[in-house]
Amino acid sequence: MKVSFQSKLIIFAFGILVAVQVLSAIAVYFSTRSSAIENLRVELAATEQVFLTHLENTTRALAETTTAVTLDFAFRNAIAQGDKPTRRSVLENFRDRVAADRVLLISLDGEIDIDTARDGVMGREFPFSDLVERADVDGVAFDIVSMDDRLYDMVLLPVLAPDAIAWIAFAMEIDDAFAVEIRNLAPFPTWVSFIMNEGGEWRLAASTAAGAERRSLEAYIAANQELPVGPSLVDVEGRTFVTTATEIHGEGRKVSVALLFHSTIDPALARTRELLFQLAALLVAALFITLVGAVFLARGITRPVRDLTTAAGRVREGDYSAEVPYRRQDEFGALSEAFNKMMTDIQRREETISHQARNDALTGLPNRREFLRQVNERAAKSPDKPFAAVIVGLERVQEMNSSLGFEVGDRIIKGVAERLRQHVAADDMVARIGGDEFGLVLNGEQWAQGGETLLASLIRAMEHPITAREGNVDISLRFGLALFPEHGDNGANLVMSAELAMYKARLAGKSTHIFDPVEDRPRPEALMLMGEMRKGLESGQFQLVYQPKVDIATGRIVAAEALSRWHHPHMKDLSPDTFVPLAEQTGNIRHLTRWMLEQAMTDCATWRADGLDLKISVNLSAKDIATDEIVMILSRLLVEKGLPAEVLTLEITESALMDEPEEALATLDNLSDMGMSVSVDDFGTGYSSMSYLKRLPADELKIDKSFVLNLAHSREDDVIVRSTVDLGRNLGLSVTAEGVEDLEGFLRLREIGCTIAQGYYIARPMPLDKFLDFCKTSPWADGTAVPAADDIAASGRAT
């Protein structure tokens, strides 16, 4: 059912008034209740001290009286010489004289001789040996005890004649009458109760409560075994009490005793109810007055609101032409004026948002979404009309941003955009589809009539440096081209083909590559991983693990190799053999290498700060050393992490050196000049010539594990490894053997003079925290994992 604004306003006014009155009543009630509770808490705290003092005084008075009794000559003589009936008669007589409820005579052996409350207990052990011990030291001892399921205030002292001949205990029962006596000391506690805990459960022992109230109190104690900490609220028989408990006996005893006070707040609350009735009468009168005022006010508001509602409906339909005609010299007039200005601003803002949604903010070119939309639209509207999609990749954007600053990087991107715009036809499209990528759409006729010439002219135009604040900056572009419909039957497939072609150009080090449906089409699962790799790097799915490298001569850890792992959320963990080739094919190897270097050098700085002076090895691919970009990356990271260049070893495979040997050698020369070590990985499995090895600034040869796994059992592998070690030694290189998986292989490597060992015999790759612990606690940390050569020889002779 639709409710009008006028009705809502009246309901609102009524609601506010009722809410205020109700809240006031609640505040008064709880304020009074809180004040009453607080007063009772203060009173109970004072009463508690009074009661405890009285209980202590009562006990001490009993102790003084009983002490005087035991000094009586006739009493001592009767105890010392009388028979059992005589002694019992004396005890009963003195029990009445001191107003005790029970007297016990205990032998020096701790056995009960007489109990005035019970017959037949002779020879039983007196259960309160701690009282005997205290009385033996102090001459008298008193405490609250439990006997026969009853509580007693007991005084124990020796019978002297003149030495101690027995112990006598006077006990005054703590019962309901005693509780009433305690209750009469102060007028305000409603109930005073003694509770006892025997066998792990609190129960009522004595109380001033009677009848139904006593049963309710017993039920409450049974259900609430935790004593109240300070004054607490308790509901019993529909009445609210402030309750406090004081444990007066319990430490070192089988039975704990507590004094429980209850005082009701009901009288204070009765006065509050009268005030609440008065507030209810005021509420009825105020509701009538509010009704009259709300009706009058609502009528003056609803009419201008209806006018504004009509105008808002026109705006919703996209009509911004008609203004709200309402004119008043009050808030509604100001609202009408603001509404008219809002329509103008919304119209202008929609135009701006629409432009920003389709265009790149930096260059003003269409963005990736608009680029894909137009490619899809062209493919759908003219499926028989050919055209070309070109993806242009700008190299080293991130490094330019890092070294020259983002302002210069933005200027370079805008310069590239302007040149692309100048060298394509007016009816073609130029878009910026990523941070370092542009997209072109060239019509088919133009391509057929010389599009390759157009692409060549674009490449020549881009060869000229772009002027930036610091000077001229050389740029390098990669062009990937795909034709519709040969290379993609819709816009999305066509753009993907062009992107693959650009990546192929980047991998091959060429300026241009035209998509080849046979050679360039990747497997579906490879396509998925290519798209997820960048996301995985950004979201922390990749992890580095470290495998220790040991000096064979000393048996100590000297370095570690950093190895990457991909914890894919929907697939099993992927090894580098799976995703590194894909990264090289798609160009993502740059991002993977950059992440790996930064993480490895961060971890290396961590363990060096922790006192571990270990080097770190990182693998580089052929694409990483094909340009000098890696030199800038490593220079920056060494400075950021505060590491010396000598701590880093770069592992390069033989095959990587052969892809682009001249460029690779130049890059490695620069890295070696900086102080980093270069290691030739998987040595012996490639096809590098000795001339390249001679020119390479290598510091280490790393023997492939295929020659090391069966070293102790294969003569051929032994010859290859020994020859490689001799070759490295003659060239002045360190030699590392990977794949060491048993003690025999380790000892053979030590025998033939190999420098470093790495493999499962030492340790598997492990996360950073486990690696740090391994370096500190394993036998490889102090060189004791492998016995010395002399010990092995001696063991052989003994055998």
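## The chain at a glance

This chain has 25 helices and 25 strands, where helices (H or I, at least four residues) and strands (E, at least two) are DSSP runs numbered from the N terminus. It is a predicted model, in which local features need pLDDT of at least 70, side-chain atom pairs count only at pLDDT 80 or more, and totals for chains, interfaces and linings use all residues. Residues are numbered from 1 along each chain as its sequence is written, and side-chain values use heavy atoms, with hydrogens and water left out.

Of the chain's 799 residues, 46% count as buried, meaning under 20% relative accessible area with a 1.4 Å probe, protein chains only. Now look at contacts (heavy atoms within 4.5 Å). Take those with a separation of 6 or more: 63% of them join residues 24 or more positions apart.

## Two nonpolar cores

A nonpolar core here is a set of buried Ala, Val, Leu, Ile, Met, Phe, Trp, Tyr and Cys residues joined through side-chain atoms within 4.5 Å. The largest one has 78 residues, and Y546, W607, L634, L749 and F771 touch the most other members. Helix α17 (residues 589-609) is its top contributor, giving 9 residues. Another core, of 40 residues, lies apart from it, with F94, A166, F194 and V257 among its members.

## Where α9 meets α14

Helix α9 (residues 368-381) and helix α14 (residues 491-508) have axes that come within 8 Å and cross at roughly 120°. Axes are lines fitted to C-alpha atoms, for helices over the stretch in contact, and angles run from 0 to 180 degrees between N-to-C directions.

On the α9 side, the contact uses R368, F371, L372, V375, N376 and A379, while α14 brings G491, A492, L494, V495 and E499. Sorted by class, that's 7 nonpolar, 2 polar and 2 charged residues. For the classes, Ala, Val, Leu, Ile, Met, Phe, Trp, Tyr, Cys and Pro count as nonpolar, Asp, Glu, Lys and Arg as charged, and the others, Gly among them, as polar.

## Where α22 meets α23

Further along, the axes of helix α22 (residues 715-731) and helix α23 (residues 743-752) come within 10 Å and cross at roughly 40°. That makes α22 oblique to α23.

Here D718, V721, R722, V725 and R729 of α22 meet R748, L749 and I752 of α23. The residues of this contact split into 4 nonpolar, no polar and 4 charged. L749 also turned up above, among the residues touching the most other members of the largest core.

Technical notes: Parallel < 35°, antiparallel > 145°, perpendicular 65-115°, else oblique. Buried < 20%, exposed > 50% of the residue type's maximum accessible area, 1.4 Å probe, protein only.
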